[in-house]
Amino acid sequence: MDTSRQQNMFRREYLGKGIATVCGLFLIVLTIAIGCFLLGKGSLTFTQFDHSITEFLFSSQWKPSDTEAGGGQVGALIFIVGSILTCALALLISVPFSLCTAIFMTKISPQLGEKIIRPAVEIFVGIPSVVYGWVGLVVLVPLIKTVFHVQHGQSVLAAAIVLAVMIYPTITSVSADAIRSVNSKYIEGAYGLGSTRWQMIYKVLLPAASTGILTAIVLGLARAFGEALAVSMVIGKMRAFPDSLLAPTNNLTSAIASDMGGAMDGGEFNAALWSMALLLFIISLVFILIIHALSGRKGAAA
Amino acid sequence: MNLKKIAAAGLSVVVLAGLAGCGGQDKAADKKAGSDLSGKVTASGSSALLPLAKDASAKFKAENPNVSMTLNAGGSGTGLKQVSEGSVDIGMSDVFAEEKLPAEKAKELVDHKVCVITMAPIVNKDVGATVKNLTKAQIQDIFTAKITNWKDVGGPDEPIVLVTRPSTSGTRALFTKYAMDGKEEASNKSLETDDSGTLIQSISQTKGAIGYVALSYLVNNSDVATVSIDGVEPTLENTYNGKYPVWGYEHMYTKGEAKGAVKAFLDYIVSDKYAGELEKQGYAVTSKMTVQR
């Protein structure tokens, strides 16, 4: 009786451990598999269809042929510039708002922050991107049209605003956590030296939380880069460099989404789209590495 | 601990039930036997043809409950490639197989022209009030951005906004071939939309906008105005009598001659019984065409 119970315990102990280990390993294998798959598919443009990486990254001539023979042009510069431009603008709009919200909900009015703002921000995160895109298309695009007296509202500005709203909750909640975790000794020290609350916030709190805030910004940027649906609905998808904030352009994710259904499997067009997917994967990898480097620095400082 | 056991037991019951369900369904269907025909039909390809194929398959299955149908989009090229490799029974395509596949592979495929699709230029209503007709040359100049204001073609003094489809779209391929005579649209001057429904919406909301859609999207839609080409209205009659030029076949390709359930399904789509449905949805019936391509 006793031994069987012991055996049972033993099995239970190792069953849980086993499942956890398998799941953990599976995740690693899955990530590596996706990376390898993207690498395999995305490199075809350069191996099978003989395009140079320079052409892909720095040419704006985009005319891939939808056949297995190839022979088109695969310059993706317009899409790359479109992605960078909209994300940079989105950050520019979003970061000040996010930081202020984070400061307000943690230090200025923690009670209101905990009871109302935090749940509100969490709800924000849960809204599906198609809803943002739709609202953008129905509300924002016509608004830009009437406010700026242009013929159509689909533009870089519309895309940047939609993205800014989407990354706002991410940046807010992560930087609020960073601010909350600042050692209270620093804060008390600042007060002890006679600073006002605002002096404490911008001279002590923000510098102390800066690596956490940077992590928040990079996370927001990563989300903005990968967002396809909402942006593609409002960016206008014109294959040209934008000459103003009100001009339409295109970005990587929208370009993949609009042609992936039609481009023949195994053709040059398809390969070029996979290369763009690979590029997005590499970009997000770089962002993750930056976050790791940042949190490493934070760990060393503490 | 008990919870885990219960969960495991529950899970296995679900899995078993699922397996049993799969097996059971086939048997049940065998017994019902509304008709003797049975088998599996798989199809993939053109997203323009998919709604029609779905409608036809629903009605076909009502008569032949033993046939199971699996339909997928994926684009004309993918459909052609998959049928040529034998991974699906039917490859749906907006274009002839020769345009996508190497000649020796295209030769193995048998073409079934299930219907004819007509593409119409559409404009925002403020333009449609004055511009009812464009010549082919004017359309080409507009879409290549040589004409950029409606006043040059007898319309209001408004800049022209081009709204088009992605370069892999079958709709765009047909329009480029028969309305543009092969000339490429000015992609750097046009707003691109992923599907025809969205395209109609942006045209109806944007002053001075012009684009093109299949007639099937204009059934029961009065948000936009159609434009005649060289004085010929884009209608099914004008497609049948050959006066209106911008139309193309919707193809369902099989590898070798179709057999069994696949053949029955293809016969059903082109049957007189289904022809009325086709026209109701804005597609033209292949057998009524007085011109061929």
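In this predicted model, two helices of chain A pack against each other: A:Val121, A:Phe124 and A:Val125 in α5(A) meet A:Tyr168, A:Pro169, A:Thr170, A:Thr172 and A:Ser173 in α7(A). By class, this contact has five nonpolar, three polar and no charged residues.

Helix α5 of chain A spans residues 110-126, and helix α7 of chain A spans residues 156-180. Two packed helices are described by the angle between their axes and the distance between the axes. Here the axes come within 8 Å and cross at roughly 135°. α5(A) and α7(A) are therefore oblique to each other. Their crossing is left-handed.

Chain A also touches chain B. In that contact, 24 residues of chain B meet 22 residues of chain A. On the chain B side, α3 (76-85) and β7 are the elements that give two or more residues. That side has six nonpolar, 13 polar and five charged residues.

The two contacts compare by class as follows.

| Contact | Nonpolar | Polar | Charged |
|---|---|---|---|
| α5(A) with α7(A) | five residues | three residues | no residues |

Within chain B, helix α8 covers residues 196-205. Which of its residues are buried? They are B:Ser196, B:Leu199, B:Ile200, B:Ser202 and B:Ile203. These cover an arc of only 165° around the axis, which puts them on the same side of α8(B). An α-helix has 3.6 residues a turn, so residues three or four places apart point the same way.

What covers the buried residues of α8(B) includes the strands β4 (109-123), β6 (161-164), β7 (190-192) and β8 (209-214) of chain B, along with helix α7 (170-178) of chain B.

Methods:
Residues numbered from 1 in each chain as written. Chains lettered and ligands numbered in written order. Predicted model: local features only at pLDDT ≥ 70, side-chain atom pairs only at ≥ 80, totals over all residues. Buried ≥ 20, exposed ≤ 12 C-beta atoms within 10 Å, placed from the backbone. Helix = DSSP H or I, 4+ residues; strand = E, 2+ residues; numbered from the N terminus. Arc of directions from axis to C-beta. Contact = placed C-beta atoms within 7 Å. Nonpolar A, V, L, I, M, F, W, Y, C, P; charged D, E, K, R; others polar. Axes fitted to C-alpha atoms, helices over the stretch in contact; angles between N-to-C directions. Parallel < 35°, antiparallel > 145°, perpendicular 65-115°, else oblique. Left-handed = near helix turned anticlockwise from the far one by under 90°.
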